[in-house]
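Let's take a walk through this fold together, one side chain at a time. Have your viewer ready and follow along.

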Amino acid sequence: MNFSEFFKQTNQLCKLSPDGKYLATCVQYRLVVRDLETLQILHLYTCLDQISHMEWSSDSQFILCAMYKRGLVQVWSLEQPDWHCKIDEGSIGLVASRWSPDGRHILNTTEFHLRITVWSLCTKAVSYIKYPKACHKGMDFTRDGSYMALAERRDCKDYVSVFVCDDWHLLRHFETETQDLCGLEWSPNGCVLAVWDSCLEYKVLLYSLDGRLLSTYSAYEWSLGIKSVTWSPSSQFLAIGSYDEKVRILNHVTWKKVTQFDHPANINGCKTVYKELVTPAPVSKELPLRPSAPRCSTLTKYEVCAQPVHISSVKPDPDRANPKIGVSSLAFSCDSHFLATKNDNMATAVWVWDMNKMSLRAVLDHTAAIRCFQWDPQRPRLAICTGHSKLHLWSPAGCVSVNIPHEGNFQVQSLVWHCSGESLVLVGKEQLCLCYLDSQQQQHG
């Protein structure tokens, strides 16, 4: 495992291009595009203000930079560096901006969610969509980019509109049986739309493409409900994380619950429980080959714990808003064989579930709270970061914890896999670096 040099970035704005050839980073008002193989700067763009949001087009030809404070969006081209586009929303403001799946339309959401403006880079045509709802995940596209589902709020009622992305005409418009719609998400095959209510009411609704209600699921009443929802890549399972610290799995045939995953504080009978151990690094009396070579003050490794094992749990403060309770993060592996979860009551642990056996496969307990975890897009391998200068990897063969060599205090806040699974982008507060996995690690996962 090798690490690149460190590069500056601001607000953790760094994105890999969809084709995996480029790395874009933002430093204040500058956009830097690097070749991922050589890490040499290919393009350097200067925006009109500090960049709030940055996003690649689906074909990796354009980069969108949004400056929300000024209501501006600038678009840059990699093939034609002299070409650029500026979109000014004016006094109506700007709170969100994103690409359409074809990479030739930009969707801007105005302040107070008054409307969504669709700008075409090819024809310069402008379309407007009224009444978008301000919710956690109110817009989603099908995997093939054919349709867009949008949550709307009209006359104190929730609606969903389905648009055809080719010409943005309305395909379906229907009212949902929700009190306060919180999010929606298409299944990977684009056949079913999952819609869920706010945390005050446990309700998940499954709709077909033509707006028919296929099924409704509710696990309990009169308590905080849904906190996270995700589909498996195969579209066979819908995982629902709740405030009661449980994950419920629905199947795609009957839309009934097939199993329930608990997160007990005392674990007994699990296949493996790994615990992170941190020890001081030994002090070498020999001089280093390079005086400026970075040293690690501590070393970390995983230890297999004898069972039963107790996972430390924190009782939330009921007087504070947004209590740290419930399952906040769900992620399926690329082959849908494993599901990784995080229960906020036990913020230091990652739980890995075997979807073939519908049982707990492993628990990874760390010394610090989990910041981010993400599956390798090519194989069942999970990368984890905890806000320290360490990278944790798990696979069915085992797990490993690696110290990141650094001169300063580089703390990994988030991470992103390369589309090939051969490298990772590790993002800190003001810096980033690339982690390269060698061929032997690739073969053994």
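In this predicted model, the side chains of Ser333 and Asp335 are joined by a polar contact of 2.7 Å. Ser333 also uses its side chain to reach the backbone nitrogen of His337, at 3.3 Å. You will find Ser333 in the loop between E31 and strand E32 (338-343). With a relative accessible area of 0%, Ser333 is buried. Leaving aside residues up to four places away in sequence, Ser333 touches Pro233, Phe338, Trp375 and Pro380.

Charged pairs come next. The whole structure holds 15 salt bridges. One of them pairs Arg381 with Asp376 at 2.8 Å, N to O, and both residues are buried. Asp158 and Lys133 form a salt bridge as well, at 2.9 Å. These two are 25 residues apart, with Asp158 in strand E17 and Lys133 in the loop between strands E14 and E15. Asp158 is buried at 1% relative accessibility, and Lys133 is buried at 10%. Together with Arg153 and Asp180, they are linked in a network of salt bridges.

Now look at Asp365 and Lys275, whose side chains meet in a salt bridge at 3.0 Å. Because Asp365 lies in strand E34 and Lys275 in strand E28, the pair ties together parts that are 90 residues apart in sequence. Here Asp365 is buried, at 4%, whereas Lys275 is partly exposed, at 34%.

The core has 22 residues, and Val247, Ile249, Leu339, Trp351 and Val363 touch the most other members. Val363 has contacts including Ile267, Tyr274, Ile311 and Trp351.

Methods
Residues numbered from 1 in each chain as written. Predicted model: local features only at pLDDT ≥ 70, side-chain atom pairs only at ≥ 80, totals over all residues. Heavy atoms only, no water. Core = buried A, V, L, I, M, F, W, Y, C linked by side-chain atoms within 4.5 Å. Buried < 20%, exposed > 50% of the residue type's maximum accessible area, 1.4 Å probe, protein only. Contact = heavy atoms within 4.5 Å. Helix = DSSP H or I, 4+ residues; strand = E, 2+ residues; numbered from the N terminus. Polar contact = N/O pair within 3.5 Å; in protein donor to acceptor, adjacent residues only side chain to side chain. Salt bridge = Lys/Arg side-chain N within 4 Å of Asp/Glu carboxyl O.
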